[in-house]
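This report goes through a protein model step by step, from single residues to the places where chains meet. Please look at the sequence and the structure before reading on.

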There are 4 protein chains.
Amino acid sequence: MFGIHAKGVYPIAPTPFAESGEIDWASTDRMVDWYREIGATGMTILGIMGEAPKLDGSEAVEFATRIIRRAQGLPVLVGVSAPGFAAMRSLARTVMDAGAGGVMIAPPPSLRTDDQIVGYYAQAVEAIGTDIPFCIQDYPLTLSVVMTPKVIQRIIMDNPSCVMLKHEDWPGLEKISTLRRFEAEGGLRHVSILTGNGGLFLDFEMERGVDGAMTGYAFPEMLVDVVRLSAEGQRDAAHDLFDAHLPLVRYEQQPAIGLAVRKYVLKRRGILASDAQRKPGSSITPAAKAEVEYLLSRLARRDPRAAKLV
Amino acid sequence: MFGIHAKGVYPIAPTPFAESGEIDWASTDRMVDWYREIGATGMTILGIMGEAPKLDGSEAVEFATRIIRRAQGLPVLVGVSAPGFAAMRSLARTVMDAGAGGVMIAPPPSLRTDDQIVGYYAQAVEAIGTDIPFCIQDYPLTLSVVMTPKVIQRIIMDNPSCVMLKHEDWPGLEKISTLRRFEAEGGLRHVSILTGNGGLFLDFEMERGVDGAMTGYAFPEMLVDVVRLSAEGQRDAAHDLFDAHLPLVRYEQQPAIGLAVRKYVLKRRGILASDAQRKPGSSITPAAKAEVEYLLSRLARRDPRAAKLV
Amino acid sequence: MFGIHAKGVYPIAPTPFAESGEIDWASTDRMVDWYREIGATGMTILGIMGEAPKLDGSEAVEFATRIIRRAQGLPVLVGVSAPGFAAMRSLARTVMDAGAGGVMIAPPPSLRTDDQIVGYYAQAVEAIGTDIPFCIQDYPLTLSVVMTPKVIQRIIMDNPSCVMLKHEDWPGLEKISTLRRFEAEGGLRHVSILTGNGGLFLDFEMERGVDGAMTGYAFPEMLVDVVRLSAEGQRDAAHDLFDAHLPLVRYEQQPAIGLAVRKYVLKRRGILASDAQRKPGSSITPAAKAEVEYLLSRLARRDPRAAKLV
Amino acid sequence: MFGIHAKGVYPIAPTPFAESGEIDWASTDRMVDWYREIGATGMTILGIMGEAPKLDGSEAVEFATRIIRRAQGLPVLVGVSAPGFAAMRSLARTVMDAGAGGVMIAPPPSLRTDDQIVGYYAQAVEAIGTDIPFCIQDYPLTLSVVMTPKVIQRIIMDNPSCVMLKHEDWPGLEKISTLRRFEAEGGLRHVSILTGNGGLFLDFEMERGVDGAMTGYAFPEMLVDVVRLSAEGQRDAAHDLFDAHLPLVRYEQQPAIGLAVRKYVLKRRGILASDAQRKPGSSITPAAKAEVEYLLSRLARRDPRAAKLV
């Protein structure tokens with residue numbers, strides 16, 4: 001259940017497109033079923049990596065509604081970041097009526113000072129309504145908004161409907177420790193923290209106190225396993241699996257072309273029928289494809305799931 | 001007519017709201033009629049100053065449609081900048097079907113290199129269709145995208161549907177001269193150039209070769225007069241009128257609170273029933289109101305139109 | 001005396017260069033004498049507009065030392081912003097030993113959060129020593145660091161050696177009022193506030209509670225007069241004089257080319273022998289020169305000092 | 001020899017400090033000897049990671065001079081990026097006189113357009129003199145200046161003294177391929193390309209056509225081996241070694257704290273006597289130290305050099 005005790009893995013779902021540019025509904029259904037089968041505890045749609053701005057309003061609602069239904073009760077978190085509060089409210093209320101578990105809100109790049117950031121979340125919550133659970137997205141590399149632990153603390157304490165932090169600051173390990181220390185000292189109520197950044201630091205982030213991952217790596221099974229192994233205290237096993245995937249994780253986490261790599265791998269794995277992106281999209285060159293194939297072949301030696309390609 | 005020979009003044013229209021946050025249709029109609037009466041040659045809506053992102057999709061279409069009809073043939077330019085091309089295309093085609101004169105496209109803040117900027121406009125034109133006349137918005141201060149004269153040249157030459165440049169680089173006088181020199185030397189076809197920046201440099205911009213103004217100063221009559229006087233070669237008279245308004249022009253041109261000042265003056269002038277903004281909005285303190293009143297009283301000594309307040 | 005009660009006008013002094021690129025010492029002396037004669041209460045050197053980064057270390061010290069001596073007791077504030085604290089400390093201690101009144105410190109552009117900014121000033125003060133009076137430079141447009149009133153309050157209250165704020169936020173009128181309200185309510189000790197931004201808002205800034213101006217407008221006599229008239233309560237007279245200069249103030253305040261305009265006017269006024277800048281410098285085209293001449297001729301009708309050109 | 005045919009590994013040398021903040025000359029000598037012993041083909045000092053701005057002018061010269069002598073003929077590349085050309089020229093000529101192999105120049109963050117970047121390098125070369133071989137630093141993540149392949153091509157073709165590109169764009173694999181394709185097609189003369197980014201993509205960068213690495217990873221032996229293995233065509237062996245180090249490479253490559261990790265590891269390896277940084281410096285928490293120790297222990301199983309700690 002999406003809430004302050006959420007754990008596990010919420011894959012960031014890409015939006016599957018056909019070569020024609022239309023949403024590929026068959027791939028969408030297959031992807032959702034697959035997330036459920038591999039042990040995802042929820043999923044996130046219409047995020048930055050989900051090409052959300054390339055959908056028009058009605059497409060976004062149709063896509064969200066379809067996934068919510070198909071998820072059969074698995075909580076679906078919907079990105080509702082928008083240039084204005086009218087659009088944010090409209091999308092948030094519509095998807096919640098359709099059964100979404102909650103929404104994710106990223107700060108707009110223009111925010112600079114602590115008070116501006118805190119004030120923005122107060123206004124966003126007023127706009128969408130205090131009854132909708134939401135997740136803060138803390139992603140300075142892409143959004144250029146820097147939130148200190150104290151700012152996150154203020155947002156959480158000011159807004160009871162804040163239930164989760166998507167952590168993708170970089171570097172971020174000390175930030176996680178600081179937030180959990182605030183909590184231990186009584187200055188911060190508990191919220192779920194799931195981490196992003198393509199999973200690049202998941203191994204240590206788990207040990208610093210996060211509850212799992214919310215990212216789009218094309219082998220979410222690895223994320224599920226590492227989260228489980230780490231939670232069980234199997235440190236070496238968690239790192240062994242993580243390290244086996246790290247060369248590909250790193251390759252996928254390249255800005256701008258990461259989504260192209262991810263969709264290509266998901267296509268090779270039989271989840272997506274096409275790796276097409278709507279414009280303006282990134283693409284993957286033959287040289288890059290060959291590199292990904294090489295990475296997959298090396299990974300397959302240590303994780304057999306990488307050998308099952310179509 | 002909106003096109004490469006457009007001249008005069010296209011006021012940037014604010015979106016009138018009631019205190020309740022609803023669009024104020026009576027003020028909207030009054031404002032459009034007033035623009036026509038004072039000699040505007042067109043008008044621009046849903047721009048950055050028009051609080052466009054605060055309207056949801058259906059409101060934006062309703063607002064545009066109402067203004068287009070009310071303008072009775074005066075060309076209406078509609079801002080269609082959007083995070084994605086699907087929404088841009090959708091809004092552009094809808095307003096053109098409703099009778100808009102053309103659209104205005106601002107580059108997204110993430111663009112950096114010359115090729116990225118040129119490529120973005122190519123994709124935008126492909127998205128909306130090559131049959132829709134469009135205006136480039138060159139506004140580095142707010143958009144953080146810097147276009148050299150050569151980049152503007154490439155966009156104009158690559159895209160026959162580009163008919164206008166909204167110039168608000170700062171400093172920008174040499175840029176205007178450079179573009180007009182490109183044209184004189186045969187390297188650039190003619191397009192209309194209207195200037196923004198609150199009109200702060202309109203006096204000299206006219207002398208550098210622009211065709212008029214596209215900005216939201218609350219006394220668009222001054223813009224109309226200065227453009228006319230300058231076009232007639234009445235240099236001193238143009239500067240005398242401009243200088244009389246400059247203290248208020250400068251005050252209105254403050255970032256972040258400029259719109260609040262503008263709406264306050266438009267309310268005092270009887271055009272808007274309220275100076276309300278939708279959230280997140282700026283507001284004007286009692287101290288600032290007193291300053292604006294003082295500026296209006298001083299202006300009234302030199303321009304009687306500033307004495308007629310309600 | 002440079003300190004918490006400093007009032008009046010501290011011109012931002014340009015660095016005079018000969019056409020050869022060498023420092024022009026004769027012009028330097030003439031400029032300093034002139035500042036004293038027109039009633040400046042201090043002066044500021046090696047600021048952003050002073051081409052400080054174009055001097056090497058020994059030149060900067062020689063320039064500062066010469067001006068400090070020539071100023072005959074008028075306090076000289078020296079910009080010591082540097083990429084590292086070693087260079088900042090070295091320059092600060094050297095110029096203080098030479099008799100400087102204090103130093104000015106701008107935040108580096110990388111700072112984002114409130115705590116980062118406050119922490120930076122704490123480290124800077126530790127580096128230069130707590131015995132050197134310093135001025136905060138708050139200039140977001142150029143430095144891209146946004147300081148809230150609360151951040152400025154923290155810096156002032158944390159560091160007893162902070163004696164002045166150079167205010168050039170934009171918009172900034174409410175910030176001045178907020179800081180003075182903090183002071184009236186007992187939450188902030190008094191410091192001097194001098195304003196920059198080329199003087200573009202000096203008329204109202206005085207009324208909001210600043211103590212004067214620190215900026216480089218090429219007619220500092222106007223700044224001196226407006227500060228005096230405003231302090232005497234002669235509101236209309238202050239605005240009349242200010243408004244007469246506003247067209248040129250605005251023209252000079254253009255980023256990137258402002259210094260070229262300023263040096264050109266100072267040359268026309270007989271202060272500088274040359275308007276040369278060291279590379280990378282801006283220059284002024286014949287068209288811009290003609291515009292400045294026109295502005296000067298118009299100004300001369302209302303302020304005879306603009307008629308005395310060489 | 002530093003030049004267009006430079007190959008191999010140029011470690012980015014940190015500046016060793018004692019706990020007191022003084023330069024630690026014994027560690028400096030030991031570090032230089034060590035670089036020579038492990039097969040570095042050159043070294044780079046006073047770079048961004050070298051805490052260059054924290055040295056004052058005379059320290060920088062003394063540090064450079066000492067290293068150049070100690071390097072016994074191994075080419076030393078010196079970072080000379082500075083806020084102004086006077087300081088850049090002064091440092092560049094001084095270190096060249098002392099025997100440096102060449103200099104490295106990063107673009108200042110204010111540059112935006114293609115022409116601005118090309119123009120900056122032209123002015124820098126004019127300032128330092130056309131007789132000093134230089135390396136372009138292409139590092140958008142930290143410098144926020146984005147250079148297209150065409151811009152790099154223009155800088156190389158315009159300036160015969162440009163002999164090397166330090167490549168640390170991200171993502172950057174296609175950029176390398178594009179530059180090498182320009183060269184193959186005859187549009188670009190050959191220069192050496194060494195890659196940075198902490199080595200995070202060195203495995204594939206070698207395969208795309210770079211000549212080696214210039215980065216500060218605390219096991220430069222790995223960089224040397226991977227460059228050699230890759231050059232010999234031993235692809236799997238190169239990747240095997242690289243992948244073994246990747247967990248630590250990734251950990252070290254975190255912005256802001258990377259240098260603290262690097263210095264800590266170099267201290268554990270017996271190269272540096274202290275991991276102290278001058279202020280403002282980053283530090284490494286006990287939790288982070290424990291993580292690094294764990295990474296070292298895991299690495300030691302696959303690379304015995306990681307087991308030799310002091």
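Which backbone oxygen lies 2.9 Å from a polar atom of the side chain of D:Arg269? The backbone oxygen of D:Ala218 does.

## Basis of the report

This is a predicted model, in which local features need pLDDT of at least 70, side-chain atom pairs count only at pLDDT 80 or more, and totals for chains, interfaces and linings use all residues. Residues are numbered from 1 along each chain as its sequence is written, chains are lettered from A and ligands numbered from 1 in the order in which they are written, and side-chain values use heavy atoms, with hydrogens and water left out.

## Two residues in loops of chain D

D:Arg269 sits in the loop that runs between helix H11 (258-268) and helix H12 (286-300) of chain D. Helices (H or I, at least four residues) and strands (E, at least two) are DSSP runs, numbered from the N terminus. D:Arg269 has a relative accessible area of 13% and is therefore buried (buried means under 20% relative accessible area, exposed over 50%, partly exposed in between, with a 1.4 Å probe and protein chains only). Apart from neighbours within four places in sequence, the residues in contact with D:Arg269 include D:Trp34, D:Ala218, D:Glu221 and D:Val310. Contact means heavy atoms within 4.5 Å.

D:Ser161 belongs to the loop between helix H6 (149-158) and strand E6 (162-167) of chain D. Its relative accessibility is 9%, so D:Ser161 counts as buried. Leaving aside neighbours within four places in sequence, D:Ser161 is in contact with D:Val125, D:Thr130, D:Ile132, D:Pro133 and D:Phe134.

## Where chain A meets chain D

In this interface, 35 residues of chain A are in contact with 35 residues of chain D. The size of an interface is often given as the accessible area lost when the parts come together. Here the buried area (accessible area, 1.4 Å probe, that two parts lose on being put together, summed over both) is about 3,100 Å², and carbon and sulfur atoms give 59% of it. A:Trp170, A:Arg250 and A:Tyr294 supply 22% of the area that chain A buries against chain D, more than any other three residues.

Between chain A and chain D there are 8 salt bridges (a side-chain nitrogen of Lys or Arg within 4 Å of a carboxyl oxygen of Asp or Glu). One of them joins the side chains of A:Asp240 and D:Arg298, at 2.7 Å, N to O. On the side of chain A that touches chain D, helices H7 (173-184), H8 (202-208), H10 (235-252) and H12 (286-300) each supply at least two residues. The largest share, 10 residues, comes from H10(A).

## Where chain D meets chain B

How many residues does each chain bring to this contact? Chain D gives 7 residues and chain B gives 7 residues. The two chains bury about 820 Å² between them, with 55% of it on carbon and sulfur atoms. There are 2 salt bridges between chain D and chain B. In one of these, the side chains of B:Asp115 and D:Lys150 meet at 3.1 Å, N to O.

The same surface serves both copies, as 100% of the contact residues of chain D recur in chain B.

Notes
A polar contact is a pair of N or O atoms within 3.5 Å; within protein, one must be able to donate a hydrogen and the other to accept it, and residues adjacent in sequence count only if both atoms are side-chain atoms.
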